[in-house]
Amino acid sequence: MFSIFQGPKLRPDLYTHLSVPSKEQTDKVQTDTEIRHQKISCNGLNRHGRIQNISTPHKHENTPRFFSIALCVSTVKITVIICFILSFCTACATSNISKKRAFSDKPTDCKESLDNKQGSNLSPFGKNKEDITTVTDPDDITDQDILDSALDLCQAANDSWEHGDLDNAIDTLDNAFSLILKVSSDNPDILQQKDDLRFTIAKRIVEVYSSRFITANGFKKAIPLNMNTHVKKALSLFTGREKSFFIAAYKRSGKYRPFIVAALKKAGLPEELSWLPLIESGFKVHAFSKARALGLWQFIASTGYKFGLKRDRWVDERMDPEKSTQAAIAYFKELHRIFGDWTTALAAYNCGEGTVLRCIRRQKINYLDNFWDLYTTLPVETAFYVPKFLAVLHILKNPKAYGIELPPVDKPIQTETVSVDRQVSLKAMARKIDVRYSLLKELNPQLRHNCTPNRPFNLKVPEGKGPVLLAKIKDIPIWHPPVPPYIRYRIKRGDSLSRLARRYHTNVRSIMAMNKLRNSHIRTGHILKIPVGRHYYRFSRTLSRRGIKKKLVKYVVKRGDSLWKIAAKFGTTTKIIRRLNYLKGSYLRAGQTLLVPKTVKGKNA
């Protein structure tokens, strides 16, 4: 920087003939320099950066050569002054940065952080904070730092949302939520910020998902019966090799379509949607696809949960015709609000609204003008889904035109509902009320093991058999589930295959084979199937017969404790404590943690 202000470089060889100037000569040089400076102050610079005279013209006076020496000295003085000014500015800026960093360490309210977000992106130099590199020790990261990072992610998600990048906005909000889960402080201010951020993230996710409903700019209620090459291809399929499937599915539709049509009318949706299960499942309530979709309307588990279909060890409501129909209607309404026309909504029903929305964003045209322009960008199976449904509607409208003779449909079975509050098998129940076992299973397809669950359950029976069942329900023996070949175990921190194998009296190789594991690496939170023998369940039944509750308590061994004293304290036996903790002997050490069954008469330690 010093060279910028440096004067003309002097050549000593040009001034070897000069002697030291006298006092009169020096005074004259200073006078000439002052006159020249006064003249330059009245001058300007031309477009080439040279001094041009804008005052009265004057004669250039002859200046001695040693004038360059004096001019260089003046230039050096100016350079020193400028360097001092720059050093002072740098010191001030560094002080401001230190103040800002000290201020950022103080807890701030979540709302204030949101309000000051835009202003805090600039450093005192007018540059982004990202340009200032700071090295932080991971051990020095505080809960406040984590919350600030989560807040930055919320703002980034908002920016993505405003630019229409919904997928990136959701991913960023997920990352923000994963950050606030790491906050474990008991500080009330930190907890308040954590709650505010949790609420903000949840609200923003709902807003992002709701923004999809303005994707379409139309609202077409009718299902258009288009006829094109795609629909003709589907017609040739149903009138050719899949003709028998079409006729069989049409015959089964009689059992379910009456209540489906009634539900669609009540919801204000087109009745033609009642034929969608024909291509979804063939009107089979147990239909299971390779995508793990199940039931009449082919719901996957996550979508079923979204629309209220429960699923546990005993019941899967995706196979309940009436409940799954209500869930399908709710899904139809959501999709139609998103896309505005039924052809696009039907495509989204097959492959998910996210897939269709991504295809729409890649389009350069308004897909509502012609759905078939979007058709070519959809997955192959989904693309042919809509033509198949339109082909079904064409055939049902005029079956003779396509050479199909429709058979009479099955009649719906008249039923009534009985509340059963005990676990009994359908086979034993069918014998007691004199009903075919197959009919009882058909009326209750949501029961996964053909038995009622261990809680109150609304069971469907043929009309007139309700009072008979209520009168004989106490005579039906309670059903005990068979011993399964494995148990389900959710992996906890610190677990290993060898430890689980010792706990459940099996071996690592069997666990790996049952779960198709390539190595012994397991992850916390995952569920393992652990093969167990009958001795495990015999021991569990022994605990239940002795009045021991399922809940176990942890007891830390103290000095002077023994198995006999601990067993007497909790009202159990030493054998049970040894079995629960896999103890080979009776030796205990102080500080050891034991699992002890908490009995009815036992006392908590």
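Predicted model: local features only at pLDDT ≥ 70, side-chain atom pairs only at ≥ 80, totals over all residues.
When I say that two residues are in contact, I mean that they have heavy atoms within 4.5 Å of each other.

Residues are numbered from 1 along each chain as its sequence is written, and side-chain values use heavy atoms, with hydrogens and water left out.

The term pLDDT is the predictor's confidence in each residue, on a scale from 0 to 100, and its mean over the protein chain is 75, with 68% of the residues reaching 70 or more. Over residues 37–68 the pLDDT is below 50, and this stretch has 30 contacts in the model beyond near neighbours in sequence. Residues 214–220 also have pLDDT under 50, and for them the model has 18 contacts beyond four places in sequence.

Now the overall picture. The protein chain has 24 helices and eight strands, where helices (H or I, at least four residues) and strands (E, at least two) are DSSP runs numbered from the N terminus. Of its 605 residues, 36% are buried, and here buried means under 20% relative accessible area, exposed means over 50%, and partly exposed lies in between, using a 1.4 Å probe and protein chains only. Among contacts in the chain with a separation of 6 or more, 67% are between residues 24 or more positions apart.

Which residues touch the most other members of the largest nonpolar core? They are Trp-275, Leu-276, Trp-297, Phe-332 and Tyr-349, in a core of 59 residues. Helix 16, residues 380–397, gives the most to this core, with ten residues. A second, separate core has 22 residues, including Val-420, Val-424, Ala-428 and Val-435. By a nonpolar core I mean a set of buried Ala, Val, Leu, Ile, Met, Phe, Trp, Tyr and Cys residues joined through side-chain atoms within 4.5 Å. In soluble globular proteins, nonpolar side chains tend to be buried together.

Let me turn to the aromatic rings. Rings of Phe, Tyr and Trp (its six-membered ring) pair if their centres lie within 6.5 Å, and planes under 30 degrees apart count as stacked, over 60 as edge-to-face and the rest as tilted. By this rule there are twelve aromatic pairs. One of them joins Phe-307 and Tyr-331 in a tilted arrangement, 5.0 Å centre to centre and with 40° between the planes. This pair links distant parts of the chain, 24 residues apart, with Phe-307 in the loop between helix 11 (301–306) and helix 12 (321–339), and Tyr-331 in helix 12.

Is Thr-325 buried or exposed? Thr-325 counts as buried because its relative accessibility is 1%. A polar atom of its side chain lies 2.6 Å from the backbone oxygen of Pro-321. Beyond its neighbours within four places in sequence, Thr-325 is in contact with Phe-259, Ile-260, Ala-263 and Trp-297.

Asp-495 is found in the loop between strand 5 (486–490) and helix 20 (497–503), and it counts as buried because its relative accessibility is 15%. The side chains of Asp-495 and Tyr-489 are joined by a polar contact of 2.6 Å, that is, a pair of N or O atoms within 3.5 Å, where within protein one must be able to donate a hydrogen and the other to accept it, and residues adjacent in sequence count only if both atoms are side-chain atoms. A polar atom of the Asp-495 side chain also lies 2.8 Å from the backbone nitrogen of Lys-492.

Finally, a word on backbone angles. Most residues other than glycine have a negative phi. Arg-292, however, has a positive phi of about 65°; this residue lies in the loop between helix 10 (276–280) and helix 11, and it counts as exposed because its relative accessibility is 55%. Asn-450 has a positive phi too, near 55°, and at 26% relative accessibility Asn-450 counts as partly exposed.
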